Amino acid sequence: MQRIRLRYTKRGRLRFTSHRDFQRAFERALRRAEVPMAYSAGFTPHPKVSYANAAPTGTGSEAEYLEIALAAARDPETLRVLLDESLPTGLDIVDAVEARTSGLADRLTASVWELRLDGVDPADAEHAVEAFTKAETVEVRRTTKNGVRTFDARSAVVSLESLRIAETHSSQADRPTDQPCAILRLVVRHVTPAVRPDDVLSGLRAVADLAPPVPAAVTRLAQGLFDEETGTVTDPLAPDREAAATEPHPAAATAAAKAPVPEGSA
């Protein structure tokens, strides 16, 4: 069995797709691309697909991850192209590697988010960011299936800053406007309970009365292991690439181990 890890995006209007919507679209893409999937055992077998830390509905993302198990080996890049062609534009498969290490989900410990606040003056956003980062705790409330929950949104935030437009992920906004616009860059740890970008926005409202007139356009730029020394979020697929560069392909290694030893060699 071969395992392939994929990075995919949610762009434009496709950011409004739910995780379940993506699952259905991806399973259709697997069939269209004729991917030789491995299936679970039992009365109703399902293709072996593992999703990791999906972004909330309504947010865009450049860094969503999943892993699939194959019954027959395939070239990761060829597979990526076939799957990308089988998905709608906006749900794009942008990277693929063969899994050579364990614990992909364990390497997703932090995310980098960009928050576009249309109608908000950048100076007001800077004031709110300063108040938020100086606070020891910022309690916010979120409605869950078990009722309203209060928790600290400040402790999970590694950094929060206001950016100039030139420093942002994309010069083309989802909702171009002539009104003032503030752009925030957020790095947040994945903790329990999860602190989401909308929780941080609630915290900015609590500490500085910052309330965007329209919903924020939120995009996840990266997720991976947080490097304490550099303060950056690293590529979670990098260990697999490094292992592939130093180790033989598993199929080739197996064939070499089974090959007969020539006479006279010892």
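A salt bridge is a side-chain nitrogen of Lys or Arg within 4 Å of a carboxyl oxygen of Asp or Glu. This is a predicted model, in which local features need pLDDT of at least 70, side-chain atom pairs count only at pLDDT 80 or more, and totals for chains, interfaces and linings use all residues. Residues are numbered from 1 along each chain as its sequence is written, and side-chain values use heavy atoms, with hydrogens and water left out.

**Exercise 1.** Find which residues are linked with Glu67 in a network of salt bridges, and describe the pair Glu67 and Arg3.

Solution.
- Step 1: The network links Arg3, Arg5, Glu67, Arg107 and Asp240.
- Step 2: Between Glu67 and Arg3, the closest N and O atoms are 3.1 Å apart.
- Step 3: Glu67 is in strand 3 and Arg3 in strand 1 (residues 2-10), so the pair ties together parts 64 residues apart in sequence. Strands (E, at least two residues) and helices (H or I, at least four) are DSSP runs, numbered from the N terminus.
- Step 4: Glu67 is buried, at 14% relative accessible area, while Arg3 is partly exposed at 31%. Buried means under 20% relative accessible area, exposed over 50%, partly exposed in between (1.4 Å probe, protein chains only).

**Exercise 2.** State which residue forms a salt bridge with Arg220, and whether Arg220 is buried or exposed.

Solution.
- Step 1: The partner is Glu64, with the closest N and O atoms 2.9 Å apart.
- Step 2: Arg220 belongs to strand 10 (residues 217-224) and Glu64 to strand 3, so the pair ties together parts 156 residues apart in sequence.
- Step 3: Both Arg220 and Glu64 are buried.
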